Amino acid sequence: MAEWGRGQSPSAVEDVLDVENKRMADSLANKVTRLKSLALDIDKDADEQNRYLDGMDSDFMSVTGLLTGSVKRFSTMTRSGRDNRKLLCYVSAGLIVVFFILYYLVSKAGT
């Protein structure tokens, strides 16, 4: 800083420092603006993800209710008489066949 003062008037040094200070203040203001914009984008993205997760929670709750009802009906069917056991075997075999058909179709579509 002492070297700046050699051969220059004090007002010239102040002008140079003032220009440098203004340049750095503008640079800082630009950085703050970018950070603020980034923070707002992150907030917006977080809100969207929260809405998406809330929707998924609702979907899972409805699927849970559906599966609970299905399990109750299935349990009732297995506890009833001998005729329903025969039907239960047919339904189980049919579900296994459907599973293998879907597995085959998905594996063919993937290749």
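Asp47 sits in helix H2, which covers residues 10–79, where helices (H or I, at least four residues) and strands (E, at least two) are DSSP runs numbered from the N terminus. At 35% relative accessibility, Asp47 counts as partly exposed, a class that lies between buried (under 20% relative accessible area) and exposed (over 50%), computed with a 1.4 Å probe and protein chains only. The model is a predicted one, in which local features need pLDDT of at least 70 and side-chain atom pairs count only at pLDDT 80 or more, while totals for chains, interfaces and linings use all residues. Residues are numbered from 1 along each chain as its sequence is written, and side-chain values use heavy atoms, with hydrogens and water left out.

**Fold and overall form**
- The chain contains 3 helices and 0 strands, and its elements follow the pattern α-α-α along the sequence.
- The radius of gyration is 36 Å, well over the 13 Å that the globule rule gives for 111 residues, so the chain is more spread out than a compact globule; the radius is taken over C-alpha atoms, and the rule is 2.2 Å times the number of residues to the power 0.38.
- Along its principal axes, the C-alpha trace spans about 110 × 35 × 20 Å.

**Surface**
- Of the 111 residues, 3% count as buried.
- The accessible surface, which comes from the Shrake-Rupley method with a 1.4 Å probe, amounts to about 10,100 Å², and 64% of this belongs to carbon and sulfur atoms.

**Charge**
- The chain carries 15 positive and 15 negative side chains, with the centres of the two sets 20 Å apart; Lys and Arg count as positive and Asp and Glu as negative, whereas His and the chain ends are not counted, and each charge is placed at NZ of Lys, CZ of Arg, CG of Asp or CD of Glu.
- Asp47 belongs to a surface patch of negative charge together with Asp41, Asp43, Asp45 and Glu48, a patch being made of residues with over 30% relative accessible area and no salt bridge, with like charges joined within 9 Å.

- The structure holds 2 salt bridges, each defined by a side-chain nitrogen of Lys or Arg within 4 Å of a carboxyl oxygen of Asp or Glu.
- Asp18 and Lys22 form a salt bridge at 3.6 Å, N to O, and both lie in helix H2, 4 residues apart, about one turn of the helix; Asp18 is partly exposed at 36% relative accessible area, while Lys22 is exposed at 52%.
- Glu20 pairs with Arg23 in a salt bridge whose closest N and O atoms are 2.5 Å apart, and these residues, 3 apart in helix H2, are separated by about one helical turn; Glu20 is partly exposed at 32% relative accessibility, and Arg23 is partly exposed at 49%.

Note on methods:
Patch = residues over 30% accessible without salt bridge, like charges linked within 9 Å, V, L, I, M, F, W, Y side chains within 5 Å.
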